[in-house]
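Let's walk through this protein together, one region at a time. Have the sequence and the 3D view open as you read.

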Amino acid sequence: MPPPRKKKRKTNRDESSRTSQDATPKCIFCGRVENDTSKYGELLTNDQEKITTHHYCLILSSGVPQRGLDHQGFYGFLYPDVRKAASQAAETPCTICKKTGASIHCSVKTCEQLVHFPCGQENEFIFQFCKQFQSFCSKHRPVQKKPKTSQDNLSVCTICLEELTPAPSHEVIRSPCCKNTWLHRTCLQMQALNAGKYHLKCPVCQNLTRFQEELLRMGIYIPHRDASWELEANAYRELLQVHEQCDVDPCLCDSGRNYSETGRVVE
């Protein structure tokens with residue numbers, strides 16, 4: 001008779017009980033693990049301090065002072081200050097998802113909206129990434145004026161060329177310098193991340209200052225850096241290369257197709 005099989009012990013181990021070695025780092029403020037730069041900013045992690053936060057969650061959270069230099073902590077936000085702010089928010093429920101950890105207040109003093117950054121983003125909050133880094137709920141957010149002149153029911157986004165309704169809304173932004181230029185918020189945000197502060201301009205008239213001021217007011221994050229294409233190594237190397245032979249068939253030069261104006265034959 002074969003010996004009885006040993007029963008495997010059942011465990012109640014779930015995702016939340018994983019060890020620090022196999023757990024995906026969560027944002028200390030919103031508790032999410034998504035690493036989507038276009039939506040939440042860079043996912044900042046310090047393994048030694050065992051602390052992780054989304055860039056936008058950090059800079060928009062109420063009560064986090066920036067007391068360090070740019071190379072200290074997370075871009076000047078020191079780790080003890082980040083932990084303290086997250087600890088203060090640990091028992092605060094979000095008015096949208098009802099889970100604790102909410103750290104972003106609507107900047108209108110009489111408003112009681114208090115949210116996680118992703119919850120606010122999903123519910124049409126406006127976050128201003130400039131000056132006082134203010135946040136506004138869907139009721140108090142800044143809006144653009146409707147155009148005085150009547151327009152067609154449909155237009156196109158100047159960036160992606162897909163159809164949109166030409167009316168100011170959370171998802172559609174009107175260029176402040178070109179009256180009939182409409183753009184998707186998501187298209188603008190991707191354009192801003194690629195172009196940076198020094199190259200982001202109105203796609204029609206190339207205005208920089210007025211265009212960027214309006215985008216910042218309407219909650220578009222514009223990184224204070226050069227364009228992504230300018231930061232690539234040897235980005236313009238091909239512009240320095242000189243074509244070294246004649247490609248016409250047949251070549252009519254008596255000295256052959258490899259002859260150059262300098263009088264030398266290119267090997």
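How much space lies in the largest pocket? About 790 Å³. Here a pocket is found on a 1 Å grid over the protein atoms alone, as an open set of points where a 1.4 Å probe fits, with protein on both sides within 12 Å along at least five of seven lines. A cavity, by contrast, is a set of points where the probe fits but cannot get out, and lining residues have an atom within 4 Å of a point. The volume is the space filled by probe spheres set on the points, which are joined across faces, edges and corners.

Before going further, a word on the model: it is predicted, so local features need pLDDT of at least 70 and side-chain atom pairs count only at pLDDT 80 or more, while totals for chains, interfaces and linings use all residues. Residues are numbered from 1 along each chain as its sequence is written, and side-chain values use heavy atoms, with hydrogens and water left out.

Back to the pocket. Its lining has 32 residues, and those nearest its centre are His55, Ile59, Phe129, Phe133 and Tyr221. By class, the lining holds 15 nonpolar, 14 polar and three charged residues (Ala, Val, Leu, Ile, Met, Phe, Trp, Tyr, Cys and Pro count as nonpolar, Asp, Glu, Lys and Arg as charged, and the others, Gly among them, as polar). H2 and helix H6 (209-217) are the elements that give two or more residues to the lining, and H2 supplies the largest share, four residues. Helices (H or I, at least four residues) and strands (E, at least two) are DSSP runs numbered from the N terminus; the protein has seven helices and 10 strands.

Now look at the nonpolar cores. A nonpolar core is a set of buried Ala, Val, Leu, Ile, Met, Phe, Trp, Tyr and Cys residues joined through side-chain atoms within 4.5 Å; buried means under 20% relative accessible area, exposed over 50%, and partly exposed in between (1.4 Å probe, protein chains only). The largest core has 33 residues, with Phe29, Tyr56, Leu58, Leu60, Phe117, Phe127 and Phe129 making the most contacts inside it. Helix H2 (55-60), helix H3 (79-89), strand S4 (114-115) and helix H4 (117-122) each supply at least two of its residues, and H2 gives the largest share, five. Phe117 shows the packing well: leaving out residues up to four places away in sequence, Phe117 touches Lys39, Tyr40, Tyr56, Cys57, Leu60, Ile104, Phe127 and Phe129, where a contact means heavy atoms within 4.5 Å. Apart from this core lies another, of 20 residues, including Cys178, Ala195, Cys202 and Leu215.

Ala195 is also one of the buried residues of helix H5 (residues 185-195), along with Arg185, Cys187, Leu188, Gln189, Ala192 and Leu193. Just after H5, Gly196 takes a positive phi of about 70°.

Finally, some backbone details. Most residues other than glycine have a negative phi, and most peptide bonds are trans. Yet Lys131, in the loop between strand S5 (126-127) and strand S6 (135-136), has a phi near 50°. Phe133 lies in the loop between S5 and S6, also with a phi near 50°. Lys131 counts as exposed because its relative accessibility is 78%, whereas Phe133 is partly exposed at 32%. The peptide bond from Asp249 to Pro250 is cis, with omega near 5°, and Pro250 lies in the segment after helix H7 (228-231).
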